[in-house]
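I opened the model and kept short notes as I went. The entries follow in the order I looked things up.

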Amino acid sequence: MNELLICKDLTKNYSYVRALNQVNLCLEKGKIIGLLGPNGSGKTTLIKTIAGLLKADFGEVLIDGEKVGEKTKAFVSYLPERNYLDDTMKVYETLDLFNDFYIDFDRNTAEKMLENLDIDINRKFKNLSKGMKEKVQLVLVMSRKARLYLLDEPIGGVDPATRDYILNTIVSNYAPDSTVIISTHLIADVEKVLDEFIFIKNGEIVMQSSVDNLREEKGMSVDEYFREVFKC
Amino acid sequence: MLGKLIKYDFKALKKTLLPVCLGAVALAVFTTIVMKLFFVFNDYNDNLPIMANTVFESILTLLLVFGFLALVASAFIAWFLLLQRYYKNCFKDEGYLTFTLPVKTGNILLGKLISAGIWALITGVFAIISIIVFLIFGTSQSFINMDIIRGFSEAWNLFWNIPDFTTLDYILIPTILILTVLCSIAQNILLFYLAITLGNQIAKRHKILASVGMYFAVNTVSSILVSTAMTVFTFLGFPILESLDNQPMRIIYIYFLIAILISASLSVVYFFVNKAILKKRLNLE
């Protein structure tokens, strides 16, 4: 069994808007997958449903054979598109917190990464700059040896140099049999690290393919193809 | 995992509540000092011009009123902070972490109840200390008000020498008091928690306002249920109460035990309804 994530007929409505419409997905272990789509296409809704923050109206999600719950949360590492840490905490206290709750968290790795980034762990989280806060959260999330990483817009708010750092961090930290889902609309930046990509539009999966296949069949990069598919 | 949840909630509450507790004691000391000034001033006011007299008296009165109001306000602030932690940690951005921790939903709620309960008790102890400080030091011209201390010790002696009281009574009374306090703290916290959860579930906007509305709604439904239950109890239990006519303490015990039972049952209902909503219908936006 090589599937890590299975979504069956996943449907989610927000009052009158259908955010996810019968999404069927099957993702394998050991891949870096781009979840790509324009704003409001359902990327965040899909990720939050897999993380367990939203309940689907219909359908189900299985991660390594388990329904979303306490068990899956122990091996899913989720990075939201916002600051989710108590900002009165000091950075080392957030490390303590991750260390206490996640058995797959590697504190040494996290401390080394923060040191490389020149982030003083004795500083309060709220006194860090926006970019630094994002880096701290990314370090926490990527220092877990998780089976599935859900990264929602990990490079949205930072400069290009930091983007490269973040992508390198992701590529060099995930274990060979874990899967990483990166949601973003900055396709050109992430393209080089992706094995597969998923196009999502109006809550529906438009396409799921490997990056190599796309290059062979269409002779296009993901970025070029995205512009063609989602042309306004 | 429950222990760790309690640890982090307790620490987070400490950051906001400890200053409030210390502030309450500082306010008690402040009002005590103002009272002392009043007494000193009263000794000398015959020698002062009328203008100065009025000004001094007004300032001292204002300070005193401020001190008392601030003391009362600190109790409300403490409750607000207890509830704010729940709201922020579950339904704002921090909820994204809280609900992706590999823990049972019931434990999240239980951890928050226990840590908030402990802090409600700590706040209560600080409130009592503040009142005692004021009563002993702030109510007489001399440094310590001996009348108050004598009053306390007399009441204490009276309590331990009530005729017809057995050892059992002296064990039952504190036990019942402690249980009543614990149950009412739990019931109140869980009622507020449930109201906040419901408010966040039903409203798209104005979630805090919706939570306030839900508080009154849940409270009203609970009161109706409780008064119905009490009527039934009274009818069914009337023969028992009549047979205890010459044992008033028994009747008081029965009354308190029923109150504790009702409070505990409501707490359990609030807890499990809240847990079910958080587990089955959580939708963080």
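Is A:Met113 buried or exposed? A:Met113 is buried, because its relative accessibility is 8% and buried means under 20% relative accessible area, exposed over 50%, partly exposed in between (1.4 Å probe, protein chains only).

**Ground rules.** I noted that this is a predicted model, in which local features need pLDDT of at least 70, side-chain atom pairs count only at pLDDT 80 or more, and totals for chains, interfaces and linings use all residues. Residues are numbered from 1 along each chain as its sequence is written, chains are lettered from A and ligands numbered from 1 in the order in which they are written, and side-chain values use heavy atoms, with hydrogens and water left out.

**A:Met113.** I placed A:Met113 in helix 4 of chain A, residues 107-116. Helices here are DSSP runs (H or I, at least four residues), as are strands (E, at least two), and both are numbered from the N terminus. I then listed the contacts (heavy atoms within 4.5 Å). Leaving out residues up to four places away in sequence, A:Met113 touches A:Val139, A:Ser143, A:Tyr165, A:Thr169 and A:Asn173. I also took a distance to A:Gly34: 79 residues apart in sequence, 24 Å apart in space, C-alpha to C-alpha.

**Positive phi in chain A.** I looked up two residues here. A:Asp118 is not a glycine, yet its phi is positive, about 60 degrees. A:Asp118 sits in the loop between helix 4 and helix 5 (130-142) of chain A. The residue counts as exposed because its relative accessibility is 67%. A:Asn202 is not a glycine either, and its phi is positive at about 45 degrees. I found A:Asn202 in the loop between strand 9 (196-201) and strand 10 (204-210) of chain A. A:Asn202 is exposed, with a relative accessible area of 57%.

**Chain B confidence.** I checked pLDDT, the predictor's confidence in each residue, from 0 to 100. Chain B has a mean of 90, and 99% of its residues reach 70 or more. Among the elements of chain B, helix 7 (residues 207-243) has the lowest mean, 88. Helix 3 (residues 95-98) of chain B has the highest, 97.

**B:Asn89.** I located B:Asn89 in helix 2 of chain B, residues 50-91. Why does B:Asn89 count as buried? B:Asn89 counts as buried because its relative accessible area is 8%. Not counting residues up to four places away in sequence, B:Asn89 touches B:Asp9, B:Glu94, B:Gly95, B:Thr98 and B:Lys112. The side chains of B:Asn89 and B:Glu94 make a polar contact of 2.9 Å. That term means a pair of N or O atoms within 3.5 Å; within protein, one must be able to donate a hydrogen and the other to accept it, and residues adjacent in sequence count only if both atoms are side-chain atoms.

**Interface of A and B.** I counted 28 residues of chain A in contact with 27 residues of chain B. The two chains bury about 2600 Å², 57% of it on carbon and sulfur atoms. Buried area is the accessible area (1.4 Å probe) that two parts lose on being put together, summed over both. The rule finds 4 salt bridges across this interface, each a side-chain nitrogen of Lys or Arg within 4 Å of a carboxyl oxygen of Asp or Glu. I looked up a salt bridge between B:Lys7 and A:Asp100, at 2.8 Å, N to O. On the side of chain A that touches chain B, helix 1 (43-51), helix 2 (70-73) and helix 3 (91-101) of chain A each give two or more residues. Helix 3 of chain A gives the most, with 6 residues.
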